[in-house]
Amino acid sequence: MSHFPRILAPLALSLCAALPALGQSMDAPVVRAETLSGWDLPDGRRVAALRLTLAPGWKTYWRAPGDAGIPPHFDWSRARNIDNVQISWPTPRVFADNGMRSVGYSGEVVLPLHITPKRGDKPLRLRTTVSMGVCADVCIPYELEVNAELAPPAASPQPAIVAALADMPYSAGEAGVTGATCAIAPSDHGMRVTARITLPHTGGTEVAVFEAGIPAIWVSEPAMTRTGNTLTATSEMMHPAGGPFSVDRSAIRITVLGGDYAVDIRGCTAG
């Protein structure tokens, strides 16, 4: 494994520090945000959404952005009457960026939000700062302010949110995954994880994305092979402090992005 991750982290930080004005001073906004008020669930939660529309030629990143991306961050601390927000991520696309892979969205993406209110009889104000990376010919950090009081809930589910929820990856059970094991061993700069997943082919060129379940862990693009219904993916995980670290198999999340559908696998067993 090369020392590229050690170089990439400070480079990304310096990029974010050097270019914030560029992201905010363009004549036309790179990203526009619109809130969708949604509907109430029987348990008292609200299903709402944030619709992001990117300018032509621009893209942004998924929660696990790949080698060349910046993960999005949502600051909900200024929201009103909101106890918790859970984001549902529709299936992303895979992009090639100068020989590196990134994972994200272009055009328009609707992010469903499951919102737990503090009080069900009070209005909900969705107020957040979204810190994200956006790319066209250049990649820049970008901040988006959202401040909107949600309208009263609709009587029925809104089609745009329903479509986004339907576009999420299948669960392991829905996709017919019958086994997922992870062999974990120290490597030169961190930990090497080899996952063996038993599932039908998801179509086209398959891409696996690992999430360590640990903040600040860098995860490499995996080397992948498939034999019949067994997909094998090996990835390097590296902590900013360097050296081996503890990895909880139950916290590892593997998303397989195929040409026909995607699969979300949460946790693996020893293998």
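This briefing walks through selected features of one protein chain. The model is predicted. The chain has 271 residues, and 43% of them count as buried. It holds four helices and 20 strands. Among contacts between residues at least 6 apart in sequence, 70% join residues at least 24 apart.

**Aromatic rings**

- The structure contains three aromatic pairs.
- Phenylalanine 74 and tryptophan 76 make a stacked pair, with 5.7 Å from centre to centre and 5° between the planes.
- Phenylalanine 74 and tryptophan 76 are both buried.
- Phenylalanine 74 also pairs with tryptophan 89; the ring centres are 6.3 Å apart and the planes stand at 70°, so this pair is edge-to-face.
- Tryptophan 89 is buried, as is phenylalanine 74.
- Phe74, Trp76 and Trp89 belong to one aromatic cluster.
- In general, two numbers describe a pair of aromatic rings: the distance of the centres and the angle of the planes.

**The cavity**

- A search of the whole structure turns up one cavity of 30 Å³ or more.
- The volume of the largest cavity is about 60 Å³.
- Its lining consists of Leu52, Thr60, Tyr61, Pro72, Phe74, Trp89, Tyr105, Val109, Leu111, Val130 and Met132.
- Two members of the aromatic cluster, Phe74 and Trp89, are among the lining residues.

**Strand E3: lysine 59 and arginine 63**

- Strand E3 covers residues 59–66 and includes arginine 63. Lysine 59 lies in strand E3 too.
- Is lysine 59 buried or exposed? Lysine 59 counts as buried, because its relative accessibility is 10% and the cut-off for buried is under 20%.
- Lysine 59 sits over the face of phenylalanine 95, at 5.2 Å from the ring centre.
- Leaving out residues up to four places away in sequence, lysine 59 touches Leu54, Phe95, Asp97, Ser102, Tyr105, Ser106, Gly133, Val134 and Cys135.
- One of those partners, Tyr105, also lines the largest cavity.
- Which side chain does arginine 63 join through a polar contact of 3.0 Å? The partner is the side chain of glutamate 211.
- With residues up to four places away in sequence again set aside, arginine 63 touches Pro71, Pro72, Trp89, Glu211, Arg253 and Thr255.
- Among these, Pro72 and Trp89 also line the largest cavity.

**Threonine 194**

- Threonine 194 is placed in strand E13 (residues 191–198).
- Threonine 194 is buried, because its relative accessibility is 15% and buried means under 20%.
- The side chains of threonine 194 and threonine 234 make a polar contact of 3.0 Å.
- How far apart in sequence and in space are threonine 194 and alanine 233? They are 39 residues apart in sequence, and 5.7 Å apart in space from C-alpha to C-alpha.
- Not counting residues up to four places away in sequence, threonine 194 touches Thr181, Cys182, Ala183, Thr232, Ala233 and Thr234.

**Positive phi in two loops**

- Most residues other than glycine have a negative phi.
- Asparagine 81 has a positive phi, near 60°. Asparagine 81 lies in the loop between E4 and E5.
- Alanine 216 has a positive phi as well, near 70°. Alanine 216 is in the loop between strand E14 (207–211) and strand E15 (218–219).
- Which state, buried or exposed, does each have? Asparagine 81 is buried, with a relative accessible area of 14%. Alanine 216 counts as exposed, because its relative accessibility is 58% and the cut-off for exposed is over 50%.

Key
Residues are numbered from 1 along each chain as its sequence is written. This is a predicted model: local features need pLDDT of at least 70, side-chain atom pairs count only at pLDDT 80 or more; totals for chains, interfaces and linings use all residues. Side-chain values use heavy atoms; hydrogens and water are left out. A polar contact is a pair of N or O atoms within 3.5 Å; within protein, one must be able to donate a hydrogen and the other to accept it, and residues adjacent in sequence count only if both atoms are side-chain atoms. Contact means heavy atoms within 4.5 Å. Rings of Phe, Tyr and Trp (its six-membered ring) pair if their centres lie within 6.5 Å; planes under 30 degrees apart count as stacked, over 60 as edge-to-face and the rest as tilted. Buried means under 20% relative accessible area, exposed over 50%, partly exposed in between (1.4 Å probe, protein chains only). A charge sits over a ring if NZ of Lys or CZ of Arg is within 6 Å of the ring centre and within 35 degrees of the ring normal. On a 1 Å grid over the protein atoms alone, a cavity is a set of points where a 1.4 Å probe fits but cannot get out, and a pocket is an open set with protein on both sides within 12 Å along at least five of seven lines; lining residues have an atom within 4 Å of a point. Grid points are joined across faces, edges and corners, and a volume is the space filled by probe spheres set on the points.
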